[in-house]
Each structure stands twice: as structure tokens, then as C-alpha cells.
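Hi,

Here is the structure I promised to pass on.

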Amino acid sequence: MAGALPTRLSEKLLQDHEEKHFTATDVVRDVIIGVSDGLTVPFALAAGLSGANVPSSIILTAGIAEVAAGAISMGLGGYLAAKSEEDHYMRELKREQEEIINVPDVEAAEIGEVLAQYGLEPHEYNPVVNSLRKNPKAWLDFMMKFELGLEKPEPKRALQSAMTIALAYVVGGLVPLSPYIFIPFAKQAMITSIAVTLLALIVFGYIKGRFTGNNPVMSSIQTAIIGALASAAAYAMAKAVQSA
């Protein structure tokens with residue numbers, strides 16, 4: 001009974017303890033990439049055209065075309081990047097499998113080297129090494145994670161990344177273009193677009209901070225400043241090309 005008490009206490013503590021770790025980092029990264037570019041590039045295009053004395057309908061048409069093309073391009077880039085990570089993981093997995101079969105002693109020694117980096121002595125990690133050698137799957141998983149630092153990609157990650165980035169780009173891109181739907185005069189629409197885009201950057205930065213565990217206010221300010229600078233730079237380039 002005395003030995004069971006600590007066990008029950010440990011189980012109770014584990015049940016009461018709820019860890020709050022945010023794990024959807026890949027999805028958040030894709031959303032950030034898509035929304036950030038979506039808010040910046042269409043805004044610069046629309047603002048640059050606003051100085052050319054063209055009606056809002058022309059700017060809106062050009063902006064929607066850019067959003068469509070940008071979403072496809074960004075989505076394709078996300079797909080290729082995720083697919084490359086998946087291909088790299090599978091190559092390393094196959095290589096590690098072959099090494100475990102062909103040079104098991106060398107691979108076992110590498111387990112010890114990894115564990116030694118965490119301060120374990122040989123008499124402490126040798127039982128772990130022997131246990132892993134009896135379980136090839138666990139052995140392979142250990143080497144992939146702790147020797148190579150690679151995590152197994154989620155199934156359909158490449159397609160999910162492409163769709164997430166593309167959709168986020170469309171959502172972000174429609175924000176600076178929305179004033180041109182309701183305001184027929186381009187220069188007036190541009191002023192409203194600046195205000196709406198800046199507000200969207202502030203809100204987006206705040207939400208991003210909440211999801212990633214950072215200070216929401218600081219994240220909001222940083223996102224607004226970086227987005228504003230990027231938009232200003234893109235706008236300046238558009239104006240320079242227009243006046244050339």
C-alpha cells in the first residue's frame with residue numbers, strides 16, 4: 001500500500017496538470033506568409049495605380065487578377081517547399097534504416113553520443129542503448145529525431161500548406177482592395193485602403209501574438225510597422241516604375 005501511494009499521487013498530478021503548448025506552428029507559419037504578402041502586394045499595386053488617374057473599377061480588376069495569380073504562385077511555392085521537406089525526410093529515413101542494418105554497432109555508439117550530450121554517463125545510457133537495439137522501429141525513430149533532428153512530416157502536408165497559403169493570400173489581398181469596390185474615385189479609395197490595411201495589420205498582429213504565445217500588443221505593433229514599411233517600399237517601387 002505504501003508503494004502504491006506515490007504512484008497514485010503521480011497519476012493524480014498528471015491528471016491535474018494540463019500543459020498548454022501550441023503545436024500547429026506549420027499552419028501558423030503558412031497563414032502568416034499568406035496574409036502578410038496578401039496585405040502588402042495588392043495594396044502596393046492598387047496604391048500605385050491610384051496615382052494614374054484611372055477609375056477604381058480598373059484598379060479593382062487589376063488587383064483581383066494579381067490576387068488570383070499571387071495565390072496560385074504562393075500556394076505552389078508552399079507545396080514545393082513542403083514536398084521538398086517530405087522528400088528529404090524519406091531519403092534520410094531510408095539511409096538511416098540501411099545503416100542500422102549494415103553497421104548496427106556504429107549506430108548504437110551514436111545513440112550513446114547523443115545521450116552523452118544530455119549529461120548521461122555510459123553506465124546510465126547503456127541500458128537505453130540495449131533497449132533500443134531490441135526495438136528497431138523505436139531505434140529508427142530515435143535516430144531521426146535526436147541524431148538528425150527531423151520530425152516525420154504530416155500526411156498531405158504539402159497539399160495543406162498550398163491551400164492554406166493560397167487562401168490566406170486571398171483573404172489578405174481582398175482587404176486593401178475592398179475600398180475600391182465601394183468608392184469610385186481611386187485617390188479617395190486609396191486613403192481608405194491605407195487605413196483599412198493598417199487596421200488589418202494591427203488586428204492580424206494581435207491575433208498572431210495570441211496564437212503563438214507572444215505578447216499580443218507587441219506583436220500587433222511589430223506587424224503593423226513591418227507591414228507598413230513593406231507596403232511603403234512596394235508602393236515606392238510601383239511609383240518609380242510608373243514614372244520611368
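E92 and R95 sit 3 residues apart in helix α3 (residues 56–102), so about one helical turn separates them. The two form a salt bridge, with the closest N and O atoms 3.1 Å apart. By salt bridge I mean a side-chain nitrogen of Lys or Arg within 4 Å of a carboxyl oxygen of Asp or Glu. E92 is buried at a relative accessible area of 13%, while R95 is partly exposed at 44%. Here buried means under 20% relative accessible area, exposed means over 50%, and partly exposed is in between (1.4 Å probe, protein chains only).

Before you go further, a word on where this comes from. This is a predicted model, in which local features need pLDDT of at least 70 and side-chain atom pairs count only at pLDDT 80 or more, while totals for chains, interfaces and linings use all residues. Residues are numbered from 1 along each chain as its sequence is written, and side-chain values use heavy atoms, with hydrogens and water left out.

Now the overall picture. The protein has 10 helices and 0 strands, which reads along the sequence as α-α-α-α-α-α-α-α-α-α. Helices (H or I, at least four residues) and strands (E, at least two) are DSSP runs, numbered from the N terminus. Of the 244 residues, 32% are buried. Taking contacts with a separation of 6 or more, 72% are between residues 24 or more positions apart; a contact means heavy atoms within 4.5 Å.

The unreviewed UniProt entry annotates residues 58–82, 162–183, 189–207 and 219–238 as "transmembrane region". Such annotations may be inferred rather than shown by experiment; feature names are shortened and positions follow the numbering used here. In the model, residues 162–183 are 91% helix and 0% strand, with end C-alpha atoms 33 Å apart. Residues 189–207 are 100% helix and 0% strand, and their end C-alpha atoms lie 26 Å apart.

Back to the charged pairs. Side chains of opposite charge can pair when their charged atoms come close. The whole structure holds 6 salt bridges. One of them joins R157 and D30, with the closest N and O atoms 2.8 Å apart. That pair links distant parts of the chain: R157 is in helix α7 (residues 157–177) and D30 in helix α2 (residues 25–50), 127 residues apart. How accessible are these two? R157 is buried, at 6% relative accessible area, and D30 is buried too, at 2%.

Another salt bridge brings R133 and D105 together at 3.1 Å, N to O. R133 lies in helix α5 (residues 122–133) and D105 in helix α4 (residues 104–116), so the pair ties together parts 28 residues apart in sequence. R133 is partly exposed at 35%, whereas D105 is exposed at 54%. Elsewhere, salt bridges with shared partners join R29, D30 and R157 into one network.

S161 is buried, at 2% relative accessibility. Its side chain makes a polar contact with the side chain of D30 at 3.1 Å. A polar contact is a pair of N or O atoms within 3.5 Å; within protein, one must be able to donate a hydrogen and the other to accept it, and residues adjacent in sequence count only if both atoms are side-chain atoms. Leaving out residues up to four places away in sequence, S161 touches D30, G78 and A82.

Cheers
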